[in-house]
Structures are given as structure tokens and as C-alpha cells.
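Student: I am new to this structure and would like to know what lies behind the words used for it. Please go through them one by one.

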Amino acid sequence: MKRLAAFALCLLLLLCCGCQSIEESSEESVFRPQINPYSRDTGDEMQSVTLYFPVTGESYLSSYTTTVDVHSEAGDTLTEALMRALIKGPEQGVSLDPVFSENLKRVSMHQSNDTLTIVLSKEMLALGENTSDSALKKQLTLYSIVNTMTGEGEISRVQILIDMDGTGHAEAPTRQQMGLPDTDEGRALGPLGFSNAWLLTPAAAAQTVLDAGMEKDAPRMIRMLSSSVLALDEQALENKLQTASVLIVDYYVTNTMLSADNSQATVYVDITYELLDRTIEQVFNQAITLKRERGTWKVDYLSVESLLFP
């Protein structure tokens with residue numbers, strides 16, 4: 001009888017411990033992050049990333065935010081997803097140019113530690129051939145790729161190779177072949193890191209709008225304006241520029257202020273005007289406001305209209 005009572009007591013203790021174990025597990029699950037709905041069944045994960053594309057008609061690269069699908073269960077990587085997005089190009093209507101085309105292609109790509117080697121088709125060497133901006137086009141294409149692939153932190157350097165004869169046998173081009181200045185004519189292109197030199201800044205965007213006003217170039221100006229003025233008629237703006245009686249003859253950017261989240265900016269400029277009677281007038285510390293749209297700095301037309309047409 002005593003043995004039976006002891007057995008019952010042990011069984012009761014085991015059941016209690018079991019219940020306690022289940023209770024602890026249930027409490028821990030409350031603190032776990034929610035499962036990504038894109039990867040629950042397929043291993044897919046949507047990630048917000050920043051790509052870099054040439055600004056249409058300008059000598060700048062602009063950041064461009066989008067999302068990419070990383071198929072992690074299939075062995076996909078963020079690096080591969082970034083390259084797919086770069087090859088796809090930006091959406092239409094954002095005043096950014098694609099990098100890859102029917103001619104220029106990525107032949108292959110592989111990663112070793114923090115260095116990514118990308119083999120491009122030989123058409124890379126012919127970009128802008130027989131034009132005055134051939135070197136610029138190559139530089140923008142090159143750093144569009146380099147900045148995109150190094151901007152997310154997984155890669156620190158990119159080595160570009162060229163499939164010179166279309167057989168897959170790749171070799172490093174010279175720096176001059178890629179449009180980069182170099183006193184050593186035959187020096188091979190080495191691994192490159194992220195460069196800020198080409199990036200469209202708020203000051204550069206504001207300058208582009210002011211330059212377009214001085215050149216009476218309405219299409220160029222509209223490309224740099226915020227989408228909030230998409231209804232702005234290009235021909236009407238062209239007519240207004242052509243008939244303006246007060247002209248901007250010079251300006252100087254004095255300062256740039258950024259918002260805490262880096263989504264808005266104010267650029268301050270001093271402007272010199274020529275009036276209808278040929279006299280000169282200056283105004284100082286005039287504010288031009290900008291905001292990022294899909295990563296690209298765009299100028300608020302209302303903030304610049306009174307400066308263009310005082």
C-alpha cells in the first residue's frame with residue numbers, strides 16, 4: 001500500500017513538471033519575432049534596398065529605393081537579388097537611366113570574402129563610343145554597379161572584368177578603357193569601393209534647376225522637380241522662361257541643411273539678377289526646399305518659382 005501511494009505521488013509530480021514545461025514554452029513564444037510571411041513557406045524574403053542609377057541628362061548618380069526578393073531557401077543571396085534589380089532597371093518616369101541594356105550584359109559573378117568579381121560583356125568598353133561623353137558614360141555605369149553592390153554592407157569592393165572575346169575568358173580592363181583618368185596608360189583596373197563623388201546631392205539638384213532656368217531648358221528643369229508638380233505644363237514653363245524679364249546671371253550655394261531623417265533638405269543660395277534695364281540686383285540666403293522621392297532628391301517648385309520669376 002505504501003509502495004502504491006509513493007508511485008502515485010511520483011506520477012503526480014511528473015505531471016506537474018510536464019505542465020510547467022508546457023507553460024514556460026508558451027510564455028517564451030510571446031517574445032519571438034513574427035515569422036516573415038514571405039519566407040514562411042517558400043524561403044523568400046522581401047528586403048528594402050538602395051540601388052544607384054545615372055540621372056537622366058546629368059553627370060550624377062542617384063540613389064533609388066526599392067524592394068528585392070531574396071530566395072534564401074534556394075540558395076539565393078542579397079548580392080544576387082541586388083544584381084537582378086540593377087539589371088531590371090528603375091521604373092519609368094523617375095528620370096533615371098538603366099545601366100544594363102540588350103547589348104551590355106552581366107556574364108558571370110562570384111564572391112570571395114568581401115570582394116565581388118563581376119564579368120561584363122565587351123560592350124562595356126564601347127559605351128558612348130565616338131561621342132564626347134564616352135568616358136563619363138563609362139564612369140557612371142561603372143560606379144552605378146560598384147555603389148549598388150557595396151552599398152548594402154555585405155560587399156566592400158568590386159572587381160570588374162571584361163569578357164573581351166565573348167568566350168567567357170575574362171580579363172581586367174585598363175583604367176583608361178573604363179573612362180577613369182590615369183597617368184599610367186596601361187594600368188589595370190583594380191577592385192573599387194563605394195564612391196560619393198558621383199552622387200546627386202541636394203545642392204547639385206538645386207543647382208541643376210537653377211542652371212536649367214538660366215538656360216531656359218524646361219524639360220531639364222521638370223526632370224528635377226518634385227512629383228507634386230507633375231501637372232506643370234512643359235510648354236507653359238518653356239514660354240515663361242523665354243519671356244522672363246528678370247534673368248538669373250549668377251548664383252552661389254552658401255549652405256545645405258538636412259532633416260534628422262535625411263528625407264528633406266533646404267539649400268540656401270545667393271542670386272544675382274539682371275533686370276530689364278540691364279541693372280544688376282542681388283538677393284541673399286534664399287531657401288530652396290527639396291525632398292527625397294524613391295531616394296532621389298527633387299526640388300519643390302513652389303520654393304524656386306519666386307527665384308526664377310521674381
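Tutor: We start with a definition: contact means heavy atoms within 4.5 Å. This is a predicted model, and in the protein chain residues 24 or more positions apart account for 57% of the contacts with a separation of 6 or more. The chain has seven helices and 10 strands.

Student: How many of the residues are buried, and what makes a residue count as buried?

Tutor: A residue is buried if its relative accessible area is under 20%. Of the 310 residues in the protein chain, 39% are buried. The chain exposes about 17700 Å², with carbon and sulfur atoms supplying 52% of that area.

Student: Why is Ser144 called buried?

Tutor: Its relative accessible area is 0%. The cut-off is under 20%, so Ser144 is buried. Ser144 belongs to helix H3, residues 134-150.

Student: What makes the pair of Ser144 and Tyr52 a polar contact?

Tutor: A polar atom of the Ser144 side chain lies 2.4 Å from the backbone oxygen of Tyr52. The limit for a polar contact is 3.5 Å, so the distance meets it. Beyond its neighbours within four places in sequence, Ser144 is in contact with residues including Phe53, Pro54 and Leu61.

Student: What makes a set of residues a nonpolar core, and how many residues has the largest one here?

Tutor: The members must be buried residues of the nonpolar kinds, joined through side-chain atoms within 4.5 Å. The largest such core has 74 residues, and Leu142, Ile145 and Ile288 are among those with the most contacts inside it. Helix H4 (residues 202-214) gives the largest share of this core, seven residues. In soluble globular proteins, nonpolar side chains tend to be buried together.

Student: Which residues does Ile288 contact?

Tutor: Leaving aside neighbours within four places in sequence, the contacts of Ile288 include Ala206, Leu210, Val267 and Leu307.

Student: How do you know that S5 and S6 pair?

Tutor: Pairing needs at least two bridges. Strand S5 (residues 157-163) and S6 are joined by two bridges and run antiparallel, so they pair.

Student: Which strands make up the open sheet, and why are two of them called edge strands?

Tutor: The open sheet has four strands in the order S3-S4-S5-S6, with mixed pairing. Strand S3 (106-112) and strand S6 (170-171) each pair on one side only, and therefore are the edge strands. Helix H2 packs on the sheet, where it touches S3 and strand S4 (115-121), and its direction makes about 155° with that of S3. Helix H3 lies across S3, S4 and S5, at about 140° to S5.

Student: What joins S8 to S9?

Tutor: Strand S8 (residues 264-274) and strand S9 (residues 280-293) run antiparallel and are joined by 10 bridges. With at least two bridges needed, they therefore count as paired. Gln264 has Lys291 in S9 as its bridge partner. S8 and S9 form a hairpin with five residues between them, and Arg278 in the turn has a positive phi of about 75°.

Student: How many bridges pair S9 with S10?

Tutor: Four bridges pair S9 with strand S10 (residues 296-299), in the antiparallel sense. The bridge partner of Lys291 in S10 is Lys298. This hairpin has two residues between its strands, and Arg294 takes a positive phi near 55°.

Technical notes:
Residues are numbered from 1 along each chain as its sequence is written. This is a predicted model: local features need pLDDT of at least 70, side-chain atom pairs count only at pLDDT 80 or more; totals for chains, interfaces and linings use all residues. Side-chain values use heavy atoms; hydrogens and water are left out. Buried means under 20% relative accessible area, exposed over 50%, partly exposed in between (1.4 Å probe, protein chains only). A polar contact is a pair of N or O atoms within 3.5 Å; within protein, one must be able to donate a hydrogen and the other to accept it, and residues adjacent in sequence count only if both atoms are side-chain atoms. Accessible areas come from the Shrake-Rupley method with a 1.4 Å probe; for residues, only the protein chains shown count as cover. Axes are lines fitted to C-alpha atoms, for helices over the stretch in contact, and angles run from 0 to 180 degrees between N-to-C directions.
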